[in-house]
Amino acid sequence: MIETHALKKRELYLNKITAFQDTEPVKVVTGIRRCGKSSLIKLMIAHLKEHGVASEQIIEMNFESYAFKSMSGDDFYEYVKQRILPDKRMYLFFDEVQRVPKWEDAVNSFRVDFDCDIYVTGSNAYMLSSEYATYLSGRCVEIKMLPLSFKEFLYFYDFEITETKSALGGFRRQAAAKNGERYDLKEVFDAYLRFGGMPGIADVGLDQEKALVLLEGIYSTVVMRDILERENRRGQKQITDPLLLKKIVMFLADNIGSSVSVSSIGNTLVSEGLLETKGRKGAPSAHTVQAYVNALLESYFFYDIKRFDIKGKQYLRTLGKYYIVDIGLRNYLLGFRNRDSGHVLENVVYFELLRRGYDVSIGKVDNYEVDFIASKPDDKKYIQVTEAMTSEDVRKRELTPLQKINDSYDKIVLSLNPGLDFSYEGIKSINIIDWLIEE
């Protein structure tokens, strides 16, 4: 059992979950395996105890544990019922609950039968999209969890940001480690791009070999066990080939931030002899590829993003893009390399926008593309991401799409080297690292 004093608080998620404490909806924490859902549950339990809730009012079950391995929905209901205290409000925590057959019947019954506040976690979106939605539509609130942001990465590795005056009169930010060493923030950011944001890596330190072992464990659990096992539990036989699944993972990981269609994945795999063709034209089975891609999206390994026509104000059915939930996982799959660092930066910005609560799409304006349109009910930003804004060609390429948008919302270019100009005709040029650590 992890001691809660050793757990780092992730305020973003703890604030979200405590905001719904003692409200009727079931709190559902979702996200890829090992991104910190179980730790969040432990932090929430610690929070309840700090605020006067007695231990016996808390029932905690982790369905990864062997103790609950063969539990049916009926067993689950009985187990909890035996431990309910009459005349007391109960707090029920169920980790990886999707492993119990018909778990949703039991959870719905607890809601109806007992005075309780319910929290569940799951590593697969399928649990919310189908059975769960049917039983608890409108009665659950989803808290989507992601691996560490760059700001959280600094906190987990005990770096403190310091500011000193630079020779040019501005401020220079550095990261101070516990041992007194000072690093340029760019160095620490490079470490983030290398190791990624899986919280468990902080326990082994920035040690490449240990980190890769940990990432391999996450990959094999998510891809091999969860996806293939879940398919069996659903009684379906669409996803049966671990090699094909790995090839699709590798293809998507290699093409983050690029326009991709299911048929382009299929065609590449066919040309490599990895996918059988169907029909006279030799087209791959798009249906097969789509099933595998959907399984990877449902396990939160990849996220997809749609295009939005800014002038026509509608979503387009044309090519979307995929981003990988953690850059460390991509490095584990493909090895460390620098050749597509622009797409890696895009990947980081995409997930940071999700963390900040934005809906994100790709923008199309005339024949140009805007990397991201980030929208909230009361806010919108248009964002371009590039490595540097120092060359005239790059500036033209990044600024032209933004200049074609005729509204007053923020237009921003994020880069590692913004150059000396802070803005171009109202378009802000911001250092990506400064943007990631801002409040």
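A pocket is an open set of grid points, where a 1.4 Å probe fits, with protein on both sides within 12 Å along at least five of seven lines. The model shown in these views is predicted.

**View 1. The largest pocket of the predicted model.**
This pocket has a volume of about 820 Å³. Its lining is made up of 23 residues, and those closest to the centre are Phe-171, Pro-418, Phe-422, Asn-431 and Asp-434. Two or more lining residues come from each of the elements β7, α8, β17 (410-417), β19 (427-431) and α17 (432-437).

**View 2. The antiparallel sheet of β6, β7 and β8.**
Three strands make up an open sheet, ordered β6-β7-β8 and paired in the antiparallel sense. The edges are taken by β6 (160-165) and β8 (182-184); each has a single partner strand, so one side of each has no neighbour in the sheet. On average, and ignoring direction, neighbouring strands are turned by 45° against each other. Strands of a sheet pair through backbone hydrogen bonds.

β6 and β7 run antiparallel and are joined by six bridges. Glu-160 has Ala-176 of β7 opposite. Five residues separate β6 and β7 in their hairpin, and in the turn Gly-169 has a positive phi of about 95°. Strand β7 (residues 171-176) is also paired with β8 in the antiparallel sense, here over three bridges. Asp-184 of β8 is the bridge partner of Gln-174. The hairpin of β7 and β8 likewise has five residues between its strands, with Gly-180 at a positive phi near 90°.

Helix α8, residues 185-195, lies across β6, β7 and β8. Its direction runs at about 75° to β8. Both β7 and α8 are among the elements that give two or more residues to the lining of the largest pocket.

Phe-93 has Tyr-119 of β4 as its bridge partner.

**View 3. Helix α14 and its two ends.**
Of the eight residues of α14 (residues 327-334), six are buried, so the helix is largely enclosed by the rest of the structure. Buried here means under 20% relative accessible area. The buried residues are Ile-327, Gly-328, Leu-329, Arg-330, Asn-331 and Leu-333. At the start of the helix, Asp-326 places a side-chain oxygen within 3.1 Å of the backbone nitrogen of Gly-328. Gly-335 follows α14 and has a positive phi, near 85°.

Technical notes: Residues numbered from 1 in each chain as written. Predicted model: local features only at pLDDT ≥ 70, side-chain atom pairs only at ≥ 80, totals over all residues. Heavy atoms only, no water. Buried < 20%, exposed > 50% of the residue type's maximum accessible area, 1.4 Å probe, protein only. Helix = DSSP H or I, 4+ residues; strand = E, 2+ residues; numbered from the N terminus. Polar contact = N/O pair within 3.5 Å; in protein donor to acceptor, adjacent residues only side chain to side chain. Pairing = 2+ DSSP bridges. Axes fitted to C-alpha atoms, helices over the stretch in contact; angles between N-to-C directions. Contact = heavy atoms within 4.5 Å. 1 Å grid on protein atoms, 1.4 Å probe; cavity = no way out; pocket = protein on both sides within 12 Å on 5 of 7 lines; lining within 4 Å. Points joined across faces, edges and corners; volume = space filled by probe spheres on them.
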